[in-house]
Amino acid sequence: MHCIALRHVAFEDLGVFTQVFQEEHISIEYWESGLHPCDLQAWLAADLAVVLGGPVGVADSDRYPFIAAELDLVARRLEAGLPLLGICLGAQYMAAAGGARVYPGARKEIGWGSVDLTSAGAAGVLAPLAAAPVLHWHGDTLDLPHGATLLASTSVTPHQAFSLGPGQLALQFHVEADATRMESWLVGHCCELAGACVDPCTIREDARRLGEQARKAGQDVCRLWLGDCRTR
């Protein structure tokens, strides 16, 4: 199997998913956002596709024209019923492609924490997160697109995760984040942390304390998602 991962910043990659993909003999091809041509034929031919996170937003297309092209890629893959995982910005793309609103949340949600699973979430690919930490790192939120099934929530963000069909999964939070590489996130997003008055020392310490548990849960989610993709 072959996976195309659309990456917006270098340190927000497939993280702990990479080991699972290697074990499953799935090849990974990164498309660097704004630099790699948006080849629709190749995008639709890929067995798997992942749209990773980034500091831009759906509403920024006037300043970052590549956003419109990426939204089209997401919409085309969803319309074709093909497996797609959207993480953070990728989840917002999936919502927008389905006609739902994406807008600033009540406040930025940054740091290690939990999610509350719905009954559908607990019975599906997110089941490993029932008692496991995830990394939250977003300021925007979203409404659910038509036909979506809500999978997870938090008090700050009611719509944390949803599915649109077999293998089509949207996550506002980061289950792929590798806690052993947290320093790259803290440096790369230092201005955002300062603006939100979030202490990087807290995130660093939580990563050390919770990282191994998060890695195991994240990789289990990845395995379940791959199984869901294969049975579509």
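Guide: A search of the whole structure finds zero disulfides (pairs of cysteine sulfur atoms within 2.5 Å). This is a predicted model, where local features need pLDDT of at least 70, side-chain atom pairs count only at pLDDT 80 or more, and totals for chains, interfaces and linings use all residues. Residues are numbered from 1 along each chain as its sequence is written, and side-chain values use heavy atoms, with hydrogens and water left out.

Visitor: Is C229 buried or exposed?

Guide: Buried means under 20% relative accessible area, exposed over 50%, partly exposed in between (1.4 Å probe, protein chains only). C229 has 5%, so C229 is buried. C38, at 38%, counts as partly exposed.

Visitor: How do I read a nonpolar core?

Guide: In soluble globular proteins, nonpolar side chains tend to be buried together. A core here is a set of buried Ala, Val, Leu, Ile, Met, Phe, Trp, Tyr and Cys residues joined through side-chain atoms within 4.5 Å. The largest has 33 residues. Among those with the most contacts inside it are F17, V50 and W225.

Visitor: What is V50 in contact with?

Guide: Contact means heavy atoms within 4.5 Å. Leaving aside neighbours within four places in sequence, the partners of V50 include C3, L14, L85 and W225. A second, separate core of 25 residues includes I4, W31, L78 and F162.
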